[in-house]
Amino acid sequence: MTNNSKVAEQVLTPETGNKVAEQILTFESGNEMAAMAAAQINYHIMGYFPISPSTEVAQYLDMMKARGEHDIKLIAADGEHGSSGICYGAAVTGARVINATSANGFLYMLEQMPVQSGTRFPMVLNLVTRSVSGPLDIRGDHSDLYYALNTGWVILTARTPQEVYDKNIMALRIAEDSEVRLPVIVAYDGYFTSHQKRKVNYFKDRKVVQDFVGEAPTNFPQIRDLSKPISIGAHMDGNDFFNNKFQQSEAMYAADAVYKKVAAEYAEISGRHYDALELYHMDDAEVAFFALNSAAETAKIAVDELRAKGVKAGIISPNYIRPFPRAEVLEALKGVKVLIVGERADSYGSHGAPLGNEIKALLQDARNTETIVVNRVFGFGGKDFFPDDAHAFFELALETMEKGFAEKPFDYYGVNPGLATENLINTPVIEAQHGDVYKSGLIHVTQNEETGLLNVKVPPIRQLMNKPKRIASGHGACPGCGIFPALELFFKGIEGDIVVLFHTGCGYVVSSAYPYSSHKQNFIHNLFQNGPATLSGTLEAFMELKRRGEVNVSDDATFIMVTGDGGMDIGMGSAIGTALRGHKLIMLEYDNEGYMNTGSQMSYSTPLGHLTSTTSIGKTQQGKTFHHKDTAQIMAACNIPYVFTASEAFPQDVLKKAAKAQWYAQNVGTVYGKMLITCPLNWKSEEKYGQTLLEAAVNCNFFPLYEIEQGITTITYDPEAKNKKVDAAEWLRFMGKSKHLLKPENENMLNEFEREIERRWIKLKEKHSNKLL
């Protein structure tokens with residue numbers, strides 16, 4: 001468990017003769033218990049990518065690994081699609097595999113999900129449920145879970161952290177059962193269950209867990225014996241594919257009986273039994289509430305209060321929804337006059353949410369005409385569900401029972417429909433500006449007729465201070481955040497209007513919280529992995545509309561895609577595709593060396609040895625284990641006309657490169673730029689050292705300033721020539737995330753880091769000296 005929880009732990013010793021194993025009582029969250037179960041099982045592989053609110057599962061496992069508490073190989077992927085590929089690739093060897101994700105991350109891996117189930121390879125996925133964009137909302141509902149219903153995965157649900165722990169252990173047994181052999185999802189509510197701490201019992205000895213799950217089965221096809229080669233994933237014709245789906249369907253239905261067998265065996269060692277349904281006061285209930293996960297817990301308060309008044313109210317909450325516990329639901333509904341099915345997501349256009357429609361179909365098949373089903377969607381976007389809301393549902397049930405029919409069988413509960421004049425367009429907090437106000441007339445770019453390269457004249461930065469900011473004050477960035485100072489400095493070098501796209505990240509989240517916007521010019525948001533492609537579509541549509549005379553777009557409009565917070569990991573494919581197509585836009589990366597918007601997880605741009613929430617420091621590891629990605633060189637390999645690096649600590653250099661970037665984006669094709677920025681919160685540095693940190697990063701050659709113009713590399717600032725060269729330690733010592741590298745025991749890692757800096761610097765100088773490189 002996490003260190004701060006130790007004080008709450010209490011050992012529970014079973015009575016003599018009782019099969020229940022010794023357990024420890026503590027207070028933990030759902031994410032902590034998912035990690036604890038995984039560590040005790042000691043999976044072989046976890047491929048993961050951070051997304052709130054599931055990110056903590058990998059973080060806790062990383063901290064536990066640093067303390068030597070498990071041997072799971074944790075693989076940080078380039079995105080959820082990649083993480084699901086890692087998991088599938090590991091599963092085909094018969095390795096035990098776990099993952100955790102949420103929301104759009106789950107949808108990004110959705111393509112892989114039916115492959116895993118259709119080829120029948122077990123694994124466990126913790127789906128920490130969250131709203132699916134758009135618009136973006138990172139709080140908990142079941143939008144993502146409902147996409148899982150048709151993936152062919154068994155789906156267990158967990159109302160509490162205790163159930164998260166227990167069902168993670170049960171899930172592996174179910175997945176690996178020879179009658180099932182399907183991957184299993186354990187779904188629990190984001191933030192409600194994932195982050196809230198509650199009383200939990202967990203097994204003191206991990207051997208109890210490992211004995212329960214047993215050895216991983218090897219009696220079905222796996223890629224693990226090179227002397228006995230097999231083929232996995234061969235394509236099929238319609239007949240074989242049809243038969244495959246039938247077998248998969250039968251396995252899913254078999255999971256019903258297997259769940260009950262596993263639950264009974266787990267009850268013997270834990271003392272906790274999970275029937276197909278958790279029923280609360282259902283013996284004589286006339287009105288009932290059917291709900292998944294945490295809402296069912298909240299509704300118990302309302303039921304207790306109604307029972308005290310003589311109202312026969314009850315709750316039905318399933319412990320699994322795939323396969324759907326059909327027989328148990330029918331049995332539970334005997335005598336129920338009205339059932340309110342509350343759901344935290346919708347199935348748009350179907351006149352009912354998924355489980356409401358399934359229950360109606362179930363009752364139709366059973367010729368049950370006594371139970372009236374009323375379906376209500378509630379709690380979208382993490383909207384709180386209180387006991388008073390449960391009371392409102394039961395009041396609706398009682399009214400329906402009195403009428404004898406459902407006046408409105410399906411509806412949304414607790415919604416404000418708004419006015420017809422309202423829309424989803426954010427309102428600027430101050431008057432928007434455009435056109436000549438952003439033209440200083442002081443920046444001049446000309447092309448050398450002989451070399452084809454650009455000559456740029458920019459004034460001192462103080463002469464551009466009259467040019468208005470593109471982003472209004474009042475945004476929610478952390479103190480000392482380098483994003484907006486860096487962007488505004490770059491924008492000073494851009495003349496005229498811009499259309500800017502921010503993909504998901506800190507820069508987006510803190511500047512555009514509905515219904516307001518800090519952006520004073522046209523602004524778009526799209527997903528992490530799709531920013532460059534999205535803006536290329538916007539740009540080409542603008543140009544086509546202009547060509548047809550349908551819009552009047554100024555000739556000097558510049559399209560800029562702002563990426564950061566690891567966006568050039570998950571978005572690298574989109575960026576390369578956009579670059580290779582040559583769209584006339586700028587991709588500008590603010591590099592804060594991590595996924596800061598989700599809690600400082602490791603990015604591929606994180607330097608060697610640096611501490612993040614998924615590269616912990618402990619007795620078995622000392623931060624990130626591999627070197628940072630050289631994104632500028634990767635983008636240069638796409639043969640785009642202009643690539644540059646820049647730092648706010650060198651403002652005139654930034655202005656010149658911004659002016660060049662605009663010229664190339666307007667006249668030739670794609671531009672990529674990378675600006676190092678500070679993140680005091682997650683770098684664990686003092687805000688006052690922002691300028692010092694940026695200068696030191698450049699002067700130690702970790703972040704060299706250069707440009708690649710039409711394939712020719714030019715170092716634009718040489719600390720050696722300026723007698724400004726410093727050791728890497730001069731940069732590292734200011735940051736809590738890297739100070740440990742200066743300890744004697746980490747000398748080898750520091751030396752390796754410095755050697756890599758020097759190796760890249762020497763290569764860069766060679767390219768600077770030789771135009772053909």
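**Helix α3**

I began with burial in this predicted model, and found that the buried residues of α3 are Glu80, Ser83, Ser84, Cys87, Tyr88, Ala90 and Ala91. Looking down the axis of α3, I noted that these buried residues fall within an arc of 165 degrees, so they line one face of the helix. This recalls the general rule that an α-helix has 3.6 residues a turn, so residues three or four places apart point the same way.

What do the buried residues of α3 pack against? I found β3 (45–48) and β5 (97–101), together with the helices α4 (103–108), α5 (113–118) and α17 (567–570).

**Domains**

I looked up the division of the protein and found domain 1 (6–220 + 233–270), domain 2 (277–412) and domain 3 (481–769). The C-alpha centres of domain 2 and domain 3 lie 51 Å apart.

**The six-stranded sheet**

I followed an open sheet of six strands, in the order β10-β12-β11-β14-β15-β16 and with mixed pairing. Its edge strands are β10 (277–280) and β16 (410–412), each of which pairs on one side only. On average, neighbouring strands here are turned by 20 degrees against each other, direction ignored.

Within the sheet, β11 (residues 287–290) and β14 (residues 338–343) run parallel and are joined by four bridges; Val287 has Val338 in β14 as its bridge partner. Finally, I noted that helix α10 (residues 294–308) lies across β10, β11 and β12 (313–318), and runs at about 165 degrees to β12.

Notes:
Residues are numbered from 1 along each chain as its sequence is written. This is a predicted model: local features need pLDDT of at least 70, side-chain atom pairs count only at pLDDT 80 or more; totals for chains, interfaces and linings use all residues. Side-chain values use heavy atoms; hydrogens and water are left out. Buried means under 20% relative accessible area, exposed over 50%, partly exposed in between (1.4 Å probe, protein chains only). Helices (H or I, at least four residues) and strands (E, at least two) are DSSP runs, numbered from the N terminus. The arc is that of the directions from the helix axis to the C-beta atoms. Contact means heavy atoms within 4.5 Å. Domain bounds come from an automatic or database domain assignment. Two strands pair if DSSP finds at least two bridges between them. Axes are lines fitted to C-alpha atoms, for helices over the stretch in contact, and angles run from 0 to 180 degrees between N-to-C directions.
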